[in-house]
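Welcome, and thanks for taking a look at this one with us. Below is a short tour, arranged by topic, to read alongside the sequence and the 3D view.

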Amino acid sequence: MAIHIAGGHVIDPGRFNGVADVLIDEGRIVAVGPNLKVPAGATKIDAKGRLVLPGFVDLHVHFREPGFEYKESIQSGAAAAVAGGFTSVCCMPNTNPANDNQAITEFMLERGKAAGLANVFPIGAITKGLEGKELAEIGDLRRAGCVAISDDGKPVMNSLVMRRAMEYALAFDVAVVDHCEDLHLAEGGCMNEGVVSTELGLPGMPSAAEDVMVSRNIALAELTGARLHLAHISTEGSARMVREAKSRGLRVTAEACPHHFTITEETVRGYNTYAKMNPPLRTEKDVQAIKEGLRDGTIDAIATDHAPHATQEKQLGFAEAPFGIVGLETALPLTLALVEEGILSLESAVDKLSTAPAKVFGLAKGTLAIGADADVTIVDQHEQWEVDPAKFFSKSRNTPFAGWKVKGRVRTTIVSGRVVFEASRAEG
Amino acid sequence: MSLKRKDLLSLAPLSVDEIKLILETADSFKEVTGREIKKVPALRGRTVVNLFFEPSTRTRTSFELAAKRLSADVINFSPSSSSVVKGETLLDTARNIEAMQADIIVLRHPSAGAAQALARGVKSAVINAGDGWHEHPTQGLLDLYTIRERGLSFEGLKVAIVGDVAHSRVARSNIYALVKLGAEVRVVGPPTMIPAGVEKLGVRVYYHLDEALRDVQVIMMLRLQLERQGKALFPTIREYARLYGLTSERVKLADPKVIVMHPGPINRGVEIAPEVADSLSSVILDQVANGVAVRMGILYLMSGAN
């Protein structure tokens, strides 16, 4: 059935930016322009005063299925995604069993289809069981539908294994994603190392633990020619090294998370486990460097690292509580805050959420071009609301932004020409 | 005047007046501990629970004695660390204890922040008896009491804290309190044991013991956790003892009336030479004795019995 999105401010980064109608039919974008001729029977969505954007693409989520469905399932995760305006999500392989073989990949794809909400793209493991020892069957994973490979939270420490993975991945033109953390340097740490960790008596993880692995990975990307994507960079050093690598023409891309450009290690005070994630919240200097990296294009994409954990897990002591926060349902307003602050133009903010991440993994998403999949997010840029975790679609509530008054809200989300989220209905 | 706090979790937020109140309250209980009948009825009918998630002999015994000398009922509860691993949250354990009408919970826990988390969740008063590397406020207070008992005034007092500052809750509590009271605090140890940014807490950092000891009136030795050898913090106990061990020769670099402190248990011949530990400068056993009086004062103030 046709959908006519009327009179919104359409932003298709690099292609179109202005008031226009968008016409959708049979799951695809049919036309974008002023005063379109609308077929009879088309559903009209009045988007006057709203932004009409290519659906957001999140390169980094943890949907916990199979294995940890009490934290999140693919169904609940996808519901959280579309509520946050994300029409495509890339799921990390640290499930149980890990997504290191095609059966798990197929299972995840099937669950994604059954949920019928966001497009679910699995990321396959680099090594069997995420153990960092033997390569997983990357060819099979790719063929089954994995869009990238990563051992995520268990970074490949052995540089030879990482080199081989990057080389092997060349045959499948697949991005190799690394969570950059030297596990020896960060051993036992649970927050950024610095004066706050000293005051709180908590074991720290120095920013150098991230930097040395970013440096290693860039060197290996140069050696192998692989497509390297750096997950959630959080330090000034990482931003500097990625900038330098890009200036030399290496195939290196990077993502940053909203929490890393919004809050600092100060949020940990009071042993707030909702401020515990990995990489940890850093210092103001790092926050500024991440913002600058987003501004000057060093950092390609904004990703959430959506990492749901059950309330009782976050009620453990700070050192024992698991790393991670949910992010899908707060990413939009936190990104729009950068627009308000003058760091990003509105168009480049949309680019970081949609078009650029799609390019990083080579997904045919993140655009409103004629013929593209009709994944569209309609946003009220000015609507103010208070973050209330009890209203999240995610199964988990672990966010440091509870109670924050934020601006910018998803009104409607469309995936493949089907309305999958409507704020008015959620509020009703 | 009374302590207007439900809990005693750390010395960092305490005012100078609050610290002084605790020390003065301890004075009257010090007198009690010197009597033949070492018992007063101040906390009769109240229940104190010692909840120790870490092995501890002296702190637990000290709290137990303090509570008993105040006529409180005392329960010692030492959950095996496996019950933590089993997934019972600290809060659940504590709520169980609270349900038995504990007035005061004394908590020792291996995780920094545990006391704070507990205090948020229960109505009982919580006293932190050491949380990870964070704080050990009653040890800090008994150290202050011992310094004061020797007639030293805190303003301008030169204090050297020696050893593994990074992993020491005793060091943190003393740093917070001494800096607040106007002392000049030096921390000294190998750079691997000096925590990041510690100078921002108002202390001076030294890597050489001889230099740090010059003219100090108080030397606070920290216990070396012998099991940390092999974690690349120091090469050998032998070298550590040579560089950071307190010998009689080194004591001579300090003020002639210097006092030597140690929270115990001591490693003789490692961080402290036996002849120093047993010398007239040593107040190590005074610290232990004062610990009971100071904890009586704290229990009394926290119970709201005044």
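Let us begin with helix H7 of chain B, residues 169-180: at 1.5 Å a residue its 12 residues should span 16 Å, and the end C-alpha atoms, 17 Å apart, agree with that. Please keep in mind that this is a predicted model.

**Helix H7 of chain B**

- H7(B) is mostly covered, with 10 of its 12 residues buried.
- The buried residues run from B:Arg169, B:Val170, B:Ala171, B:Arg172 and B:Ser173 on to B:Asn174, B:Ile175, B:Tyr176, B:Ala177 and B:Leu178.
- The N-terminal end of H7(B) is capped by B:Ser168, which places a side-chain oxygen 3.3 Å from the backbone nitrogen of B:Val170.
- After the helix comes B:Gly182, with a positive phi near 95°.

**Chain B as a whole**

- Chain B contains 12 helices and nine strands.
- Its radius of gyration is 19 Å, close to the 19 Å that the globule rule gives for 306 residues, so chain B is as compact as a globular protein of that length.
- Along the principal axes, the C-alpha atoms of chain B fill a box of roughly 55 × 45 × 35 Å.
- Of the 306 residues in chain B, 57% are buried.
- Take the contacts in chain B between residues at least 6 apart in sequence: 73% of these join residues at least 24 apart.

**Helix H2 of chain A**

- H2(A) covers residues 102-115, and its 14 residues reach 20 Å from the first C-alpha to the last, close to the 20 Å expected at 1.5 Å a residue.
- Which residues of H2(A) are buried? They are A:Ile104, A:Thr105, A:Met108, A:Gly112 and A:Ala115.
- Seen down the axis of H2(A), the buried residues fall within an arc of 105°, so they line one face of the helix.
- On the other side of H2(A), the exposed residues are A:Glu110, A:Lys113 and A:Ala114.
- The cover over the buried residues of H2(A) includes helices H1 (74-83) and H3 (138-144), along with strands E7 (86-91) and E8 (119-122), of chain A.
- At the start of H2(A), A:Asn101 brings a side-chain oxygen to within 3.0 Å of the backbone nitrogen of A:Ala103.
- A:Gly116 follows H2(A), and its phi is positive, near 65°.

**Helix H9 of chain A**

- The 12 residues of H9(A), residues 284-295, should span 16 Å at 1.5 Å a residue, and this agrees with the 16 Å between the end C-alpha atoms.
- Buried in H9(A) are A:Asp286, A:Val287, A:Ala289, A:Ile290, A:Lys291, A:Gly293 and A:Leu294.
- These buried residues pack against helices H7 (236-247), H8 (258-262), H11 (331-340) and H12 (346-361) and strands E14 (252-256) and E15 (301-302) of chain A.
- A:Gly297 follows H9(A), with a positive phi near 90°.

- A:Thr198 sits in helix H5, residues 195-200, and counts as buried at 3% relative accessibility.
- What does A:Thr198 touch, not counting residues up to four places away in sequence? Its contacts are B:Arg172, B:Pro195, B:Ala196, B:Val198 and B:Leu201.
- A:Ser197 also lies in H5 and counts as buried, at 4% relative accessibility.
- Leaving aside residues up to four places away in sequence, A:Ser197 touches A:Met191, A:Asn192, A:Leu202 and A:Gly204.

- A:Phe56 is part of strand E6, residues 56-61, and is buried, with a relative accessible area of 0%.
- Beyond four places away in sequence, the residues A:Phe56 touches include A:Phe86, A:Leu332, A:Leu353 and A:Val379.
- A:Phe56 and A:Ala118 are 62 residues apart in sequence, and their C-alpha atoms are 9.9 Å apart in space.
- A:Ile149 belongs to strand E9, residues 148-150, and is buried, with a relative accessible area of 2%.
- Among the residues that A:Ile149 touches, beyond four places away in sequence, are A:Ile123, A:Ile138, A:Ala169 and A:Val176.
- A:Ile149 and A:Ala337 are 188 residues apart in sequence and 31 Å apart in space, C-alpha to C-alpha.

Note on methods. Residues are numbered from 1 along each chain as its sequence is written. Chains are lettered from A and ligands numbered from 1 in the order in which they are written. This is a predicted model: local features need pLDDT of at least 70, side-chain atom pairs count only at pLDDT 80 or more; totals for chains, interfaces and linings use all residues. Side-chain values use heavy atoms; hydrogens and water are left out. Helices (H or I, at least four residues) and strands (E, at least two) are DSSP runs, numbered from the N terminus. The expected span of a helix is 1.5 Å times one less than its number of residues. Buried means under 20% relative accessible area, exposed over 50%, partly exposed in between (1.4 Å probe, protein chains only). The arc is that of the directions from the helix axis to the C-beta atoms. Contact means heavy atoms within 4.5 Å. A polar contact is a pair of N or O atoms within 3.5 Å; within protein, one must be able to donate a hydrogen and the other to accept it, and residues adjacent in sequence count only if both atoms are side-chain atoms. The radius of gyration is taken over C-alpha atoms; the globule rule is 2.2 Å times the number of residues to the power 0.38.
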